[in-house]
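Here's a quick tour for anyone meeting this structure for the first time. Have a look around, then read on.

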Amino acid sequence: MTSTDLLTKATESKNSNTNNNNGNSSIESTSTKLSRNVQRLALNNVTNKTLQQENSLNQSSNLQNLKSSLLTTKNNTITSTSNKTLNRTNIQENINNLSNDSNKNNFNDQLINNNNTNNNTNNDKPSAFIEDKENNDPYQRTNLLLTNSDQNDPEQANKEHLIKSNDVENVAPITQQTLDIPENKFDDNKKRPISTVVEQEEPKKFKVCDENGEEEYVWEDLDAEDVNDPFMVSEYVNDVFGYLHHLEVVTLPRKEDLFKHRNIRQNRDILVNWLVKIHNKFGLLPETLYLAINIMDRFLCKELVQLDKLQLVGTSCLFIASKYEEVYSPSIKHFASETDGACTEDEIKEGEKFILKTLEFNLNYPNPMNFLRRISKADDYDIQSRTLAKFLLEISLVDFRFIGVLPSLCAAAAMFLSRKMLGKGKWDGNLIHYSGGYTKTQLAPVCHMIMDYLTSPIVHDEFHRKYQSRRFMKASVISVQWALKVRKNGYDIMTLHEIT
């Protein structure tokens with residue numbers, strides 16, 4: 001092998017070593033780069049975590065600062081409101097209680113301590129001074145007073161007065177809001193507004209005199225208190241009842257015209273007793289029964305009716321009245337079924353037509369319940385007296401003897417007797433006026449007729465049974481017992497329970 005060959009091999013081996021070295025160096029460089037990148041990423045993660053922790057700590061600290069600031073503001077507001085209540089009289093008292101050797105700082109400290117705890121100041125103050133504090137106006141501007149010890153030395157008093165006034169000026173910002181209040185707002189001479197109870201005015205009184213000019217009775221205008229109630233129509237109430245008093249004369253049946261029917265009294269009692277039963281069974285209004293019997297009496301005054309058709313007349317009259325007064329009238333089938341086949345639906349319809357034609361469709365009947373409600377106004381709407389009066393008023397409906405008596409007179413007599421049963425006072429001017437002007441002498445005949453019915457044997461059993469229930473406070477039982485007792489003892493019902 002020649003030397004050239006050896007040189008070539010040596011160079012090749014060097015080149016291969018250099019290439020290997022270069023590859024290794026490149027691998028080392030890439031590995032270092034990777035390690036550096038990993039280190040950088042790890043550092044970035046660590047720094048991010050630390051930054052997040054720092055941010056969270058900063059946020060928590062900010063929240064704590066906010067909370068503390070809110071608490072401080074609350075405390076400041078509380079202290080400010082408490083300081084608002086301070087007034088110049090308290091400052092004056094604290095100044096007077098200070099010793100002559102105390103300086104400005106001790107004065108401020110003592111003022112704060114005295115505001116927190118008032119026990120020490122109360123113990124040091126004389127009782128007369130405390131009473132004066134209670135009587136003084138807290139917003140009144142008072143002058144600083146000198147003590148008895150200062151009065152002996154005027155120069156020393158003036159010096160201390162100047163020092164104390166300077167102290168007060170330093171403390172003044174604490175009570176600035178209270179001290180800046182204008183004086184005229186808290187004037188001692190000006191009285192506080194007192195809440196007054198609105199009292200109703202007394203009703204106007206009117207006198208009623210007879211033909212000779214002598215005073216008969218005095219009545220009060222009770223309708224004035226219903227001015228704001230549109231349902232009471234206080235503006236038209238006098239005109240309304242004036243028209244009703246006119247109608248009761250026009251629609252009043254005549255007893256003489258009824259006697260053309262044979263045995264009309266007994267037959268009418270039986271028919272009315274049955275109508276009261278049906279009326280109570282259907283639960284109809286009291287006005288419906290009054291109108292039905294008024295229509296029946298007026299029809300019987302004009303037409304002669306056979307005995308077997310008398311029940312048809314009563315049923316048709318109740319059917320007409322229920323359609324006139326009730327909001328929900330019972331069906332004609334119910335009325336026909338209550339007759340037990342004596343009247344059919346067609347007969348009731350034909351009877352309704354014939355009755356309305358005979359009366360010329362004049363159903364303007366002044367119901368006695370309207371007059372009774374009017375009198376109850378003068379009786380303070382007493383429920384007991386009005387319930388008893390309802391029973392006594394319905395006697396004038398079922399009893400044959402009351403035909404031809406005005407409904408307003410019957411209502412007044414019923415209220416008169418119900419008040420006697422309850423032991424109330426006399427028949428005064430208000431009751432006379434609101435009953436329609438009926439005096440005791442005018443009520444006496446009707447009251448005696450009612451007493452005769454109460455003391456006589458029971459004819460209308462359904463009527464008495466109706467008012468024996470708790471719904472009507474057992475008015476029939478109470479009335480009959482009271483009437484029997486009065487008649488037995490021989491009392492005069494017109495002067496009973498009246499102080500002479």
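## Two helices crossing

Let's begin with a pair of helices. H18 and H20 are roughly perpendicular to each other, because an angle from 65 to 115 degrees counts that way. Their packing angle is about 70°, and the axes sit 9 Å apart. Keep in mind as you look that this is a predicted model.

Who does the touching here? On the H18 side, the contact is made by Leu409, Cys410, Ala412, Ala413, Ala414, Phe416, Leu417 and Met421. H20, which covers residues 440-455, brings Lys440, Gln442, Leu443, Val446, Cys447, Ile450 and Leu454. Sort the residues of this contact by type and you get 13 nonpolar, one polar and one charged.

## Another crossing pair

Now turn to H12 and helix H15, the latter made of residues 345-358. These two pack at an angle of about 75°, with 10 Å between their axes. That angle makes H12 roughly perpendicular to H15.

From H12 come Ile295, Phe299 and Lys302, and they meet Phe354, Ile355 and Thr358 in H15. By type, the residues of this contact split into four nonpolar, one polar and one charged.

## Space inside

Rolling a probe the size of a water molecule over the atoms is a way to show where empty space is left. How many cavities of 30 Å³ or more turn up in this model? The count is two, and the largest cavity holds about 220 Å³ of space.

That largest cavity has 21 lining residues, and Tyr365, Ser396, Leu397, Phe402 and Val405 are the ones nearest its centre. Which of the elements gives the most? H12 does, with four residues. So what kinds of residue make up the lining, going by the nonpolar, polar and charged classes? There are 14 nonpolar, four polar and three charged residues.

Finally, look for the strands E1 (residues 205-209) and E2 (residues 215-220), which pair in the antiparallel sense over five bridges. Lys205 has Glu220 in E2 as its bridge partner, while Phe206 stands opposite Trp219 in E2.

Between the strands of this hairpin there are five residues. Gly213 is worth a glance in the hairpin, as it takes a positive phi near 90°.

Conventions:
Residues are numbered from 1 along each chain as its sequence is written. This is a predicted model: local features need pLDDT of at least 70, side-chain atom pairs count only at pLDDT 80 or more; totals for chains, interfaces and linings use all residues. Side-chain values use heavy atoms; hydrogens and water are left out. On a 1 Å grid over the protein atoms alone, a cavity is a set of points where a 1.4 Å probe fits but cannot get out, and a pocket is an open set with protein on both sides within 12 Å along at least five of seven lines; lining residues have an atom within 4 Å of a point. Grid points are joined across faces, edges and corners, and a volume is the space filled by probe spheres set on the points. Ala, Val, Leu, Ile, Met, Phe, Trp, Tyr, Cys and Pro count as nonpolar, Asp, Glu, Lys and Arg as charged, and the others, Gly among them, as polar. Two strands pair if DSSP finds at least two bridges between them. Axes are lines fitted to C-alpha atoms, for helices over the stretch in contact, and angles run from 0 to 180 degrees between N-to-C directions. Angles under 35 degrees count as roughly parallel, over 145 as roughly antiparallel, 65 to 115 as roughly perpendicular and the rest as oblique. Contact means heavy atoms within 4.5 Å.
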